[in-house]
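Open the model in your viewer and keep the selection tool at hand. We will walk through it stop by stop.

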Amino acid sequence: GCNAFAGGVLLSASIVHMLPDATRGLRVSAERVQEALGQSGEFPIAPTVAGVFFFFLCLLEAMSVQFLGHSGHAHGDVEDGYTAMDQQVSATAIALVVSLSIHSVLEGAGIGAQTSVASMGLVVAAVLAHKGLALFAMTSALVKSNASPRLCSMLVALVASCTPVGILLGIMAQGVFGTAGQGLVLAAAGGTFLFVAIPELLVPTFAESKNKIAAVSLSTLGFLTMAALAAWS
């Protein structure tokens with residue numbers, strides 16, 4: 001239920017809030033790009049950036065899965081002072097930390113670039129729900145690969161700290177680069193939230209839920225709740 005509602009909130013945050021705000025912030029740049037192409041109107045920079053980041057995260061996820069799959073074949077040999085199990089743990093840690101760190105920074109940037117307190121509150125709640133599950137999955141994978149408790153704690157702290165860093169970047173983008181900078185951050189974060197909402201939250205929830213009607217209803221409720229906040233943003 002929590003994943004379904006959070007997925008609806010993040011999907012709405014991307015479609016209803018972030019991408020329209022990003023389009024407005026990038027309007028001048030969009031007109032200049034279109035003019036450089038010898039055309040009139042506005043080039044769709046915001047949807048393009050969002051799509052690029054969506055597929056970038058899809059590629060990152062695919063590479064992570066493939067990398068982890070290949071790293072799981074330990075043969076017990078010793079090379080340069082490290083056992084194959086040590087190498088397996090290191091490979092797993094690197095893949096998971098890189099993937100989740102990038103997610104965390106982009107999600108944080110999306111929070112920092114929010115234009116209203118109400119929408120920020122719902123986005124924070126949805127991101128925290130997703131982040132808790134992601135950190136739990138990362139810790140479980142590390143424990144299964146025989147990572148030490150100290151290593152697990154360090155990696156969890158590292159990934160958790162990436163979200164506040166992203167929030168600061170999202171806030172600074174507007175002050176340093178103006179509306180165009182905020183527009184780019186919102187577009188990138190919008191693509192990130194699409195990725196988190198659809199393949200990471202909604203699709204698995206719908207596939208695994210015993211009561212699919214309830215899952216869809218909760219997702220719709222989350223979407224509409226977030227969409228309603230557009231009236232005050």
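The tour below goes from a helix pair to charged pairs and ends at a proline.

Before you click, note that this is a predicted model, in which local features need pLDDT of at least 70 and side-chain atom pairs count only at pLDDT 80 or more, while totals for chains, interfaces and linings use all residues. Residues are numbered from 1 along each chain as its sequence is written, and side-chain values use heavy atoms, with hydrogens and water left out.

**Stop 1: two helices**

Select residues 2–25, helix 1, together with residues 212–228, helix 7. Helices here are DSSP runs (H or I, at least four residues), numbered from the N terminus. The two axes are 7 Å apart and the packing angle is about 40°; axes are lines fitted to C-alpha atoms over the stretch in contact, and angles run from 0 to 180 degrees between N-to-C directions. That angle makes helix 1 oblique to helix 7 (oblique is what remains after under 35 degrees for roughly parallel, over 145 for roughly antiparallel and 65 to 115 for roughly perpendicular).

Now show side chains. On helix 1, the contact residues include Phe5, Leu11 and Val16, and on helix 7 they include Leu218, Phe223 and Met226 (contact means heavy atoms within 4.5 Å). The contact residues divide into twelve nonpolar, six polar and no charged; Ala, Val, Leu, Ile, Met, Phe, Trp, Tyr, Cys and Pro count as nonpolar, Asp, Glu, Lys and Arg as charged, and the others, Gly among them, as polar.

**Stop 2: charged pairs**

How many salt bridges does a search of the whole structure find? There are two, a salt bridge being a side-chain nitrogen of Lys or Arg within 4 Å of a carboxyl oxygen of Asp or Glu.

Stay on helix 1 and pick arginine 24 and aspartate 21, which sit three residues apart, about one turn of the helix. Their salt bridge has an N to O distance of 2.1 Å. Aspartate 21 is buried at 19% relative accessible area, whereas arginine 24 is partly exposed at 48% (buried is under 20%, exposed over 50%, partly exposed in between, with a 1.4 Å probe and protein chains only).

Next, select glutamate 42 and arginine 27, whose closest N and O atoms are 3.1 Å apart. Glutamate 42 lies in the loop between helix 2 and helix 3 and arginine 27 in helix 2, so this pair ties together parts 15 residues apart in sequence.

**Stop 3: a proline**

Proline 47 is partly exposed, at 47% relative accessibility.
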